[in-house]
Amino acid sequence: MAAIKKLLHTRMRVDDLERTVKFYTDILGLEVEARRESPRGSKLVFLRTPNSDELLEITYFPDSGPVKVQSDLMHLAFEVEDLAAFGKYLESKGIKFSDGPTASQSTGSVFAFIDAPEGYEIELIQRPRS
């Protein structure tokens with residue numbers, strides 16, 4: 001049986017490509033890996049997260065109509081070293097947690113959420129220190 005080799009990227013369609021790319025690069029520190037245009041005319045930006053092989057593909061294709069992100073449908077999760085310090089950094093950028101911080105009794109992690117452009121949720125997780 002053939003097996004999946006690895007996850008390459010996750011695609012998210014947006015209405016404002018540059019605003020979204022700016023959020024992920026300026027606020028979360030992701031790096032632009034590549035910019036492309038698909039054969040059907042979609043504008044694509046691939047973003048790399050530090051210490052991760054998987055890419056985030058941000059796609060702009062207005063012919064599909066406006067983006068309508070359903071509440072609580074999906075989210076991206078990123079690990080942070082210190083959630084309280086990252087929260088202060090976010091506040092300096094005008095961004096507040098939309099939920100949390102919350103301590104997980106089962107894992108010892110602390111997590112919180114912020115809202116990205118277009119309404120996508122971002123989960124920020126501080127894993128327990130060993």
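The following legends describe close-up views of one predicted model. Local features are reported only at pLDDT of at least 70 and side-chain atom pairs only at pLDDT 80 or more, whereas totals for chains, interfaces and linings use all residues. Residues are numbered from 1 along each chain as its sequence is written, and side-chain values use heavy atoms, with hydrogens and water left out.

**View 1. An open sheet of four strands has the order β1-β4-β3-β2.** Helices (H or I, at least four residues) and strands (E, at least two) are DSSP runs, numbered from the N terminus. Two strands are said to pair if DSSP finds at least two bridges between them. Strands of a sheet pair through backbone hydrogen bonds, either parallel or antiparallel. The pairing in this sheet is mixed. Strands β1 (9–13) and β2 are at the edges with a single partner strand each, so one side of each has no neighbour in the sheet. On average, neighbouring strands are turned by 20° against each other, direction ignored. Strands β1 and β4 are parallel and share five bridges; R11 stands opposite E57 in β4.

**View 2. Helix α1 lies across β1, β2, β3 and β4.** The helix runs at about 5° to β3. Such angles run from 0 to 180 degrees between N-to-C directions, and the axes are lines fitted to C-alpha atoms, for helices over the stretch in contact. The buried residues of α1 include L17, T20, V21, F23, Y24 and I27. Here, buried means under 20% relative accessible area, exposed over 50%, and partly exposed in between (1.4 Å probe, protein chains only). After α1 comes G29, which has a positive phi near 80°.

**View 3. V32 has its place in strand β2 (residues 31–37).** V32 is partly exposed, its relative accessible area being 40%. When residues up to four places away in sequence are not counted, V32 touches V21, T25, V45, F46 and L47; contact means heavy atoms within 4.5 Å. V32 and L55 are separated by 23 residues in sequence and by 9.6 Å in space, C-alpha to C-alpha.

**View 4. The largest nonpolar core has 27 residues.** A nonpolar core is a set of buried Ala, Val, Leu, Ile, Met, Phe, Trp, Tyr and Cys residues joined through side-chain atoms within 4.5 Å. F23, Y24, L28, I122 and L124 are the members that touch the most other members. At least two residues of this core come from each of α1 (17–27), β3 (43–48), β4 (55–60), β5, α2, β7 and β8. The largest share, five residues, is supplied by α1. With residues up to four places away in sequence left out, the contacts of Y24 are M12, G29, L30, L47, L56, I58, L76, A116 and I122. In soluble globular proteins, nonpolar side chains tend to be buried together.

**View 5. Another open sheet of four strands has the order β5-β8-β7-β6.** This sheet also has mixed pairing. Its edge strands, β5 (75–79) and β6 (99–103), each pair on one side only. From one strand to the next, the twist averages 20°. Strand β5 runs parallel to β8 (residues 121–126), and five bridges join the two. Opposite L76 stands I122 in β8, and opposite E79 stands I125 in β8.

**View 6. Strands β7 and β8 pair in the antiparallel sense.** Six bridges link the two strands, and F113 has E123 in β8 as its bridge partner. Their hairpin has five residues between the strands, and E118 in it takes a positive phi near 75°. Five of the six residues of β8 are buried, so this strand is largely enclosed by the rest of the structure.

View 7. L83, F86, G87 and L90 are the buried residues of α2. Seen down the helix axis, these buried residues fall within an arc of 105°, so they line one face of α2; the arc is that of the directions from the helix axis to the C-beta atoms. An α-helix has 3.6 residues a turn, so residues three or four places apart point the same way. The buried residues pack against α1, β6, β7 and β8, while A84, K88, E91 and S92, on the other side of α2, are exposed.
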